[in-house]
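Biologist: Before I plan anything around this protein, could you walk me through its model, one question at a time?

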Amino acid sequence: SNPLFSLLVGIKIKKEVANAFVKRQKRSSLYLEYYKSPMEQMHEQCENYPPCDYLSDQIGFAMAYNRFFG
C-alpha cells in the first residue's frame with residue numbers, strides 16, 4: 001500500500017551500513033523519559049483502584065491513599 005515501502009522491500013544492506021543511518025537514543029534519556037517519581041506512582045496506583053480514585057475526589061488523595069494502601 002505504501003509505494004516507498006514497496007520499493008524498499010527487496011533492498012538488503014549490511015548491518016554496519018544500516019547502523020550508520022539509525023541513531024539510537026542513549027539509555028539515560030530513555031530513563032529520564034520513562035522515570036516516574038514515587039508520588040506519581042502512588043497517584044497512578046490510587047487512580048487504577050476505583051474505590052481509592054472515587055474516595056480521593058471526596059476527601060483528597062493523601063487520605064484516600066493512606067486508607068487503602070497506607
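Modeller: Let us begin with Tyr65, which is found in helix α6, and please keep in mind that this is a predicted model.

Biologist: Is Tyr65 buried or exposed?

Modeller: The relative accessible area of Tyr65 is 12%, and the cut-off for a buried residue is under 20%. Because 12% falls under that cut-off, Tyr65 counts as buried.

Biologist: Which residues is Tyr65 in contact with, leaving aside its neighbours within four places in sequence?

Modeller: Tyr65 and Met42 are 23 residues apart along the chain, yet their C-alpha atoms are separated by 7.7 Å. With the neighbours within four places in sequence left aside, the residues in contact with Tyr65 are Met42, Gln45, Cys46, Cys52 and Gly70.

Biologist: Two cysteines are in that list, so to speak of them next, how far apart are the sulfur atoms of Cys46 and Cys52?

Modeller: Cys46 and Cys52 are both buried, and the two residues form a disulfide, of which the structure holds 1. The link of Cys46 and Cys52 is left-handed, with -95 degrees about the S-S bond. As for the distance you asked about, the sulfur atoms of Cys46 and Cys52 are 1.9 Å apart.

Biologist: Which residues make up the largest nonpolar core?

Modeller: This core has 6 residues, and the elements that give two or more residues to it are α5 (50-59) and α6 (61-69).

Biologist: Turning to Phe61, which residues does it touch, not counting residues up to four places away in sequence?

Modeller: Phe61 is buried, with a relative accessible area of 17%. Its C-alpha atom is 9.5 Å from that of Glu47, a residue 14 places away in sequence. Not counting residues up to four places away in sequence, Phe61 touches Met39, Met42, His43, Cys46 and Ser56.

Biologist: And which residues are in contact with Leu55, leaving aside its neighbours within four places in sequence?

Modeller: Leu55 lies in helix α5 and is buried, its relative accessible area being 15%. The C-alpha atoms of Leu55 and Phe68 are separated by 9.8 Å, with the two residues 13 apart along the chain. Once its neighbours within four places in sequence are left aside, Leu55 is in contact with Gly60, Ala64, Arg67 and Phe68.

Biologist: How far apart are the closest N and O atoms in the salt bridge of Glu44 with Lys36?

Modeller: Side chains of opposite charge can pair when their charged atoms come close. A search of the whole structure finds 1 salt bridge, and its two partners are partly exposed, Glu44 at 29% relative accessibility and Lys36 with a relative accessible area of 32%. The closest N and O atoms of Glu44 and Lys36 are 3.1 Å apart.

Biologist: For the protein as a whole, how many helices and strands are there?

Modeller: Read along the sequence, the pattern is α-α-α-α-α-α, in which helices α5 and α6 have already come up as contributors to the core. The count for the protein is 6 helices and 0 strands.

Biologist: Finally, what percentage of the residues in the protein is buried?

Modeller: The accessible surface of the protein comes to about 6600 Å², and 58% of that surface belongs to carbon and sulfur atoms. Among the buried residues are Cys46 and Cys52, together with Leu55. Of the 70 residues in the protein, the buried share is 10%.

Key: Residues are numbered from 1 along each chain as its sequence is written. This is a predicted model: local features need pLDDT of at least 70, side-chain atom pairs count only at pLDDT 80 or more; totals for chains, interfaces and linings use all residues. Side-chain values use heavy atoms; hydrogens and water are left out. Helices (H or I, at least four residues) and strands (E, at least two) are DSSP runs, numbered from the N terminus. Buried means under 20% relative accessible area, exposed over 50%, partly exposed in between (1.4 Å probe, protein chains only). Accessible areas come from the Shrake-Rupley method with a 1.4 Å probe; for residues, only the protein chains shown count as cover. A nonpolar core is a set of buried Ala, Val, Leu, Ile, Met, Phe, Trp, Tyr and Cys residues joined through side-chain atoms within 4.5 Å. A disulfide is a pair of cysteine sulfur atoms within 2.5 Å. A salt bridge is a side-chain nitrogen of Lys or Arg within 4 Å of a carboxyl oxygen of Asp or Glu. Contact means heavy atoms within 4.5 Å.
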